[in-house]
Amino acid sequence: MADLAAAMDRRRLVTLLSPAYLWLLVAVFLPLSAMLFFSLLTDLPQDAPDWGLTLDNYGQFLTNPTYATLLWKSLKLGVMVTLACILIGYPCALVLARTIRGRARETLFLLVILPFWSNSLVRIFSWAIVLRGNGVLERSLDWLLPFDIRLNLMFTTPAVVIGLVHSYLPYVILTSYLALQAIDDDIIEAARSMGASRWTILRRLLLPLSLPGLLAGAVLVFVPVVGSFMEPRILGGRMGTYYGTVIEDQFIAVYNWPLGAALSFILLAVVLLIIALASPVLKRART
Amino acid sequence: MSGVEVQNITKRFGRALALDDVTVSFPDGGFFGLLGPSGSGKTTLLRTIAGFHYPEAGRIRIGDRPVEQVPVEQRDIGMMFQNYALFPNMSVADNVGFGLRVRRVPAAEERRRIAETLDLVQLGGLADRRPAQLSGGQRQRVALARAIVTNPKVLLLDEPLSALDKSLRVDMQIELKRIQRDIGITTIFVTHDQEEALTLSDRIGILRAGRIVQVGPPREVYDRPVDAFAAGFLGEANWIPDSCLAGLDLPASPQGHRFAVRPEALAIGTAPDLARNALRGRLVQRVFAGAMATCLIEVEGSPWKLVARDRDIPDLPGAGEVWLSWAARDTIAVPA
């Protein structure tokens with residue numbers, strides 16, 4: 001009797017979960033497996049009939065130090081952008097979730113999400129117009145300030161960081177906002193009744209209680225930024241060669257898919273390793 | 001320790017008047033229950049004393065200090081919230097120690113006072129637990145410990161026991177009263193539960209629509225309500241229909257007064273007790289509830305209720321004519 005019920009439970013579980021697993025299989029597992037297969041080839045089968053299997057593509061990462069240098073540069077970019085997103089996004093989320101009420105909150109929230117809904121290419125080219133020499137930013141500053149301003153931000157690392165921060169900031173704001181908004185008002189009022197200052201409340205209650213959201217946002221920013229290629233290419237110019245742009249080149253310009261795929265998997269492995277190494281530290285910070 | 005004085009407090013939320021010229025005095029060391037239906041302004045009054053709301057007009061004094069312009073953080077109060085509002089990211093000891101750390105109490109004294117206060121609320125062994133690992137009653141004790149550990153001038157309780165189930169609630173009432181008496185702190189608490197208010201308080205204030213209706217010791221408010229609302233809100237009242245007033249021994253003139261009798265003041269029988277006030281009615285139902293019993297009686301079209309020990313109620317012939325009687329001094333008169 002119990003076995004029968006258990007069997008039925010199992011069947012129901014399989015039925016209910018199968019769409020999700022089917023989706024994962026089609027959308028994630030198959031393409032990734034194809035890429036993994038590509039990364040082990042000497043040549044693309046449609047180009048060279050005598051293709052074979054090799055680990056050379058992975059070996060190239062070790063023999064040519066440029067790749068490691070660029071990966072390191074991309075990781076630094078990831079850290080920079082993530083920190084900037086946290087520094088700008090968390091206070092935004094804090095004000096949005098804990099200070100502003102009602103209609104104004106919805107409007108501001110919409111404004112925060114707006115960058116998400118605009119085309120990323122349009123977004124990046126708009127930044128190019130703003131940041132270039134004698135562009136919108138320089139002219140406005142010139143107009144405001146009495147002395148001459150020469151920023152020339154275009155084609156510099158700061159330009160890349162600005163573009164990426166603008167693209168990924170909503171992640172941090174959204175996740176932090178949700179975590180902060182879930183904190184019960186009574187908890188804050190209780191702390192106030194015990195004499196806690198705003199700073200104490202932020203440090204000992206709001207920050208620890210919303211840390212999971214903030215960290216989720218940070219991961220959501222860090223991972224794609226490390227592999228980003230569009231912002232570095234358009235806003236970075238000659239300075240904008242990163243690990244991501246090299247991978248893009250392999251696929252689009254050089255047409256060396258096996259190397260591009262291998263470099264992608266190395267990136268994936270490094271990112272997973274970083275998150276795995278960081279997770280015990282993050283877990284401790286959470287409690 | 002110090003008393004709290006509230007004078008002519010008015011508080012609006014938008015166009016709604018939440019407190020309308022409220023004046024109450026909360027005696028030093030007393031246990032004061034604010035009682036009223038929802039929307040009566042009792043919680044607003046408590047939160048205004050706490051400092052979460054600033055009144056539009058009026059004065060508040062805690063001890064000798066005027067506080068109506070002082071923010072919550074500096075009022076030196078202890079507050080307990082309906083859902084306890086424990087800090088989920090901290091242990092029991094850290095929850096209790098929070099207010100001490102804010103006040104920069106030295107570490108050794110902090111530890112000593114945490115231990116002392118946890119002993120007072122009988123949670124000695126649970127200092128390292130997280131709030132999530134505690135039962136409802138234990139959380140309630142932590143919240144209380146956290147509110148009193150800093151020796152605040154006044155303890156404010158917002159529906160402190162409403163989240164507990166009934167048997168636990170009665171235990172906690174006794175416990176709360178004991179702790180309050182032990183430390184002698186001026187305590188103001190809000191409740192909509194009249195029994196709780198009667199059990200805990202040594203003074204009661206009844207609020208209605210932002211105004212104080214009556215203030216006094218529980219017995220006085222219960223025995224001599226100032227108006228029909230107070231009579232009906234604190235305890236139950238059987239209103240004597242106007243057509244029955246003739247022949248009754250009344251404490252006031254029938255002109256301009258209404259009269260009521262408490263359910264437990266009534267006696268029931270098959271014949272009128274001519275030495276006392278008596279009215280004829282029709283027994284609708286008799287409800288047995290262990291030691292006590294309730295009878296529902298219809299008197300001249302109005303529903304009456306009698307509560308008595310079951311053994312004091314004689315056998316009655318099913319549903320039919322009965323006589324209710326009560327002592328003349330048990331008649332409550334309120335202005336009509």
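A salt bridge, as I use it today, is a side-chain nitrogen of Lys or Arg within 4 Å of a carboxyl oxygen of Asp or Glu. By that rule the structure holds 25 salt bridges over all chains.

A word on the source. This is a predicted model: local features need pLDDT of at least 70, side-chain atom pairs count only at pLDDT 80 or more, and totals for chains, interfaces and linings use all residues. Residues are numbered from 1 along each chain as its sequence is written, chains are lettered from A and ligands numbered from 1 in the order written, and side-chain values use heavy atoms, without hydrogens or water.

Chain B, then. It has eight helices and 18 strands. Those are DSSP runs, numbered from the N terminus: helices are H or I, at least four residues, and strands are E, at least two. The C-alpha trace of chain B spans about 75 × 45 × 30 Å along its principal axes. Of its 336 residues, 52% are buried. Buried means under 20% relative accessible area, exposed over 50%, partly exposed in between, with a 1.4 Å probe and protein chains only.

Now the interface. Here, 21 residues of chain B are in contact with 17 residues of chain A. Contact means heavy atoms within 4.5 Å. The two chains bury about 1900 Å² between them, 60% of it on carbon and sulfur atoms. In chain B, Glu73(B), Asn89(B) and Phe98(B) lose the most area to chain A, together 29% of what that side buries. Buried area is the accessible area, 1.4 Å probe, that two parts lose on being put together, summed over both.

Which charged pairs cross over? The rule finds two salt bridges across this interface. One of them joins Arg47(B) to Glu189(A), with the closest N and O atoms 2.6 Å apart. On the side of chain B that touches chain A, strand S6 (77–80) and helix H2 (92–102) of chain B each give two or more residues. H2(B) supplies the largest share, four residues.

Next, salt bridges within a chain. Take Arg233(A). Its side chain meets Glu248(A) at 2.4 Å, N to O. Arg233(A) sits in helix H10 (residues 230–236) of chain A and Glu248(A) in helix H11 (residues 243–252), 15 residues apart. Arg233(A) is partly exposed at 34% relative accessible area, while Glu248(A) counts as buried at 17%. Arg233(A) also forms a salt bridge with Asp249(A), at 3.1 Å between the closest N and O atoms.

In chain B, Glu56(B) and Lys11(B) pair at 3.6 Å, N to O. They are 45 residues apart, with Lys11(B) in strand S1 (residues 4–13) and Glu56(B) in the loop between helix H1 (42–50) and strand S4 (57–62). Glu56(B) is partly exposed at 47%. Lys11(B) is buried at 9%.

Last stop: Arg262(B). It lies in the loop between strand S12 (257–261) and strand S13 (267–269) of chain B. Leaving out residues up to four places away in sequence, Arg262(B) touches residues including Val221(B), Tyr222(B), Asn238(B) and Ile332(B).
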